[in-house]
Amino acid sequence: MHENKTSLIQHFRVPAEGRLISRARDLDIAPEILQHLLSLGAIYLNGRRLYAPHPGVLEELLDQPVQAGDILRVHFRPRRFFWEPDEVRTWVRQVTDHTIVVYKPNGLPTHATLDNSREHLLAHLHAAGFPEALMIHRLDIGTEGLMLFARHPRAQAEIQTQIQNRDVLKLYSALVEGEFPFEGEMMTWMHKSPRAPKIQHFAPGPDRESCSSFIRENHVHAHGGRPYSELSIELITGRTHQIRSQLKAFGHSIVGDGMYGSNHGWLANRNPENLKTQAESWALRCQALIWNEDGIEQVYEVEPFTPSELSRRMKNSASILSQSDFGSSFAPQSTRSLHRTLPEIRSIEARHYEDAPELPSLKPQ
């Protein structure tokens with residue numbers, strides 16, 4: 001199982017009983033490399049992650065007993081997600097007795113990835129003074145916007161039940177390529193597969209799951225003879241990559257989303273001076289959340305994409321965009337307020353869909 005070291009992931013069969021650090025040397029893994037990868041959680045022993053968040057645990061793992069025939073899976077080049085510690089508290093927007101509202105930036109995973117247990121939003125929240133924070137739902141690495149965390153298990157269970165019953169509203173803003181043709185329900189059926197990109201169909205089938213979103217607003221912009229559409233999207237069901245794959249199925253990829261066919265770039269919403277690498281980023285933002293705490297409706301929203309933001313963050317190798325390219329077709333801000341459309345939202349919630357939604361803690365966008 002010893003592969004060429006140019007590969008990102010290698011599997012090793014431990015040759016003899018002993019300590020992890022000794023057997024790793026036998027496998028030509030240098031101690032400093034071993035320690036670095038353990039500190040990120042990039043090594044697995046017989047399928048179990050070995051993670052050393054601090055030096056004390058690292059020493060224990062280096063002395064971990066291994067047996068002849070044990071399998072080590074080593075991610076030699078784990079993905080890194082850099083941040084500045086002072087940034088984290090600026091992401092926290094609201095704290096109650098039960099929940100924490102956070103604005104997740106592009107380029108940062110919500111929780112541990114397969115090869116990195118240290119650099120993710122939940123870990124940063126714990127380190128920034130919220131050790132009690134619990135996951136409720138997720139956003140993909142390249143998606144930005146509002147996320148809700150629970151401060152205790154009861155709140156986590158109650159809000160996930162609200163999500164399961166479709167009593168939590170999540171509203172997204174997206175900029176897509178081309179002139180999107182309609183407002184209203186976007187109904188597709190996703191092929192059941194753990195792999196990405198996700199494949200959508202326009203008819204049900206035995207190996208497909210229904211996906212429903214609702215296009216509430218559609219503003220078309222033009223630049224250099226090419227149209228772009230800014231969409232306000234209510235997520236009804238909550239499948240993995242649902243919005244991204246649905247928009248691709250309709251022929252209008254989200255700007256910056258290369259996995260789903262975009263030919264454009266989209267700048268991350270963080271200060272470039274704080275980024276040590278280019279963050280994965282596309283033009284999809286969770287703009288608003290509505291949920292219930294102790295019988296009281298909670299509403300939190302941020303602005304949709306503004307003309308100046310669109311012009312600043314959209315990257316196009318063929319042309320340079322100016323703010324005026326995105327200004328004329330935007331509705332006045334007062335007509336786009338979430339609070340002015342709550343009756344419309346409630347009427348949408350009353351519709352029937354064939355599937356119960358899955359818990360969004362498992363379904364990122």
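A crossing of two helices is left-handed if the near helix is turned anticlockwise from the far one by less than a right angle, and right-handed if clockwise. One such crossing comes up below.

This is a predicted model, in which local features need pLDDT of at least 70 and side-chain atom pairs count only at pLDDT 80 or more, while totals for chains, interfaces and linings use all residues. Residues are numbered from 1 along each chain as its sequence is written, and side-chain values use heavy atoms, with hydrogens and water left out.

**Whole chain.** Show the chain as a cartoon: there are 9 helices and 19 strands. Helices (H or I, at least four residues) and strands (E, at least two) are DSSP runs, numbered from the N terminus. Of the 365 residues, 53% count as buried, meaning under 20% relative accessible area with a 1.4 Å probe, protein chains only.

**Helix α3.** Select residues 55-62. Which residues of α3 are buried? They are Val57, Leu58, Leu61 and Leu62. Looking down the axis of α3, these buried residues fall within an arc of 135 degrees, so they line one face of the helix; the arc is that of the directions from the helix axis to the C-beta atoms. An α-helix has 3.6 residues a turn, so residues three or four places apart point the same way.

**Helix α2 against α3.** Keep α2 and α3 selected. They pack at an angle of about 120 degrees, with their axes 10 Å apart. That makes α2 oblique to α3: angles under 35 degrees count as roughly parallel, over 145 as roughly antiparallel, 65 to 115 as roughly perpendicular and the rest as oblique. Axes are lines fitted to C-alpha atoms, for helices over the stretch in contact, and angles run from 0 to 180 degrees between N-to-C directions. The crossing of α2 and α3 is right-handed. Leu34, Gln35 and Leu38 of α2 make the contact with Leu58, Leu61 and Leu62 of α3, where contact means heavy atoms within 4.5 Å.

**Gly18.** Next pick Gly18, in strand β2. Leaving aside residues up to four places away in sequence, Gly18 touches Arg23, Gln64, Pro65 and Val66. Gly18 and Pro65 are 47 residues apart in sequence, yet 5.7 Å apart in space, C-alpha to C-alpha.

**Helix α7.** Finally, select residues 242-249. Helix α7 is mostly covered, with 6 of its 8 residues buried: Gln242, Ile243, Arg244, Ser245, Gln246 and Leu247. After α7 comes Gly251, whose phi is positive, near 85 degrees.

Definitions and conventions
Buried < 20%, exposed > 50% of the residue type's maximum accessible area, 1.4 Å probe, protein only.
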